[in-house]
Amino acid sequence: MAFPEDVLTEDEHVVLHLHPHWKALIRPVAVLVLAIAAVVVGVVFLPSGGSGSVTLAVIGGLALLAVLVLAVLPYVSWRTTHYLFTNERVLLQHGVFSRERRDIPLSRVNDHSMSQRFAGRLLGYGTLTIESAGERGQSVLHDVPSVDRVQTKLYELVEAFHDRHSLGDGELREILSERDKSAGA
């Protein structure tokens with residue numbers, strides 16, 4: 001489930017498009033393997049016919065239910081969670097059946113910080129907190145892969161945005177000079 005490109009403005013381009021770290025898929029994969037193993041054990045060790053067939057059907061049904069609830073839903077949730085960094089804003093989107101999206105313009109990013117626990121340092125993920133001006137304040141992105149590099153890239157994006165949208169000394173002098181000339185005429 002790719003992020004829809006039609007939400008981007010004309011001059012906007014994607015710099016980073018991330019999903020939460022792959023560690024979110026460990027449990028779903030383990031559930032899938034255990035469900036398959038349970039069904040295989042049932043097929044091998046349960047007698048064919050009669051109560052063995054009923055027991056195998058129950059094991060198969062429970063395995064299917066477990067896979068749907070504990071493997072498929074978390075996988076779809078992982079795939080539909082997007083951390084998108086563009087040259088104009090940060091977009092955070094998640095949701096399987098309903099969708100929630102938050103846009104943080106780079107002009108409103110006041111501060112950003114990252115934290116990593118020991119397991120996060122070993123596996124290469126962490127938490128990125130973006131402080132923005134406005135009523136919602138803080139956005140916390142959990143399980144961001146390579147969070148240190150993402151934080152550095154966010155810093156670069158914010159600085160580049162401010163450089164593009166602010167006047168340099170020469171530009172300011174030129175505007176003031178033109179203003180003074182028009183006021184004197």
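Is Asp143 buried, partly exposed or exposed? I looked up its relative accessible area and got 21%. Buried would need under 20%, so I put Asp143 down as partly exposed. A reminder to myself that this is a predicted model.

**Entry 1: Asp143.** I came to Asp143 through its backbone: phi sits near 55°, a positive value in a residue that isn't glycine. I then checked where Asp143 falls, and it belongs to strand 7, residues 138-145.

**Entry 2: Ser146.** Another positive phi turned up here, about 50°, and Ser146 is no glycine either. I placed Ser146 in the loop that runs between strand 7 and helix 4 (147-164).

**Entry 3: the largest pocket.** I read off a volume of about 220 Å³ for the largest pocket. Which residues lie nearest its centre? I found Leu92, Gln93, His94, Glu100 and Val140 there, out of 14 lining residues. Next I sorted the lining by element: strand 3 (89-94), strand 4 (100-105) and strand 7 each give two or more residues. Strand 7 came up again as the element that gives the most, with 4 residues. By class, I noted 5 nonpolar, 5 polar and 4 charged residues in the lining.

Terms used. Residues numbered from 1 in each chain as written. Predicted model: local features only at pLDDT ≥ 70, side-chain atom pairs only at ≥ 80, totals over all residues. Heavy atoms only, no water. Buried < 20%, exposed > 50% of the residue type's maximum accessible area, 1.4 Å probe, protein only. 1 Å grid on protein atoms, 1.4 Å probe; cavity = no way out; pocket = protein on both sides within 12 Å on 5 of 7 lines; lining within 4 Å. Points joined across faces, edges and corners; volume = space filled by probe spheres on them. Nonpolar A, V, L, I, M, F, W, Y, C, P; charged D, E, K, R; others polar.
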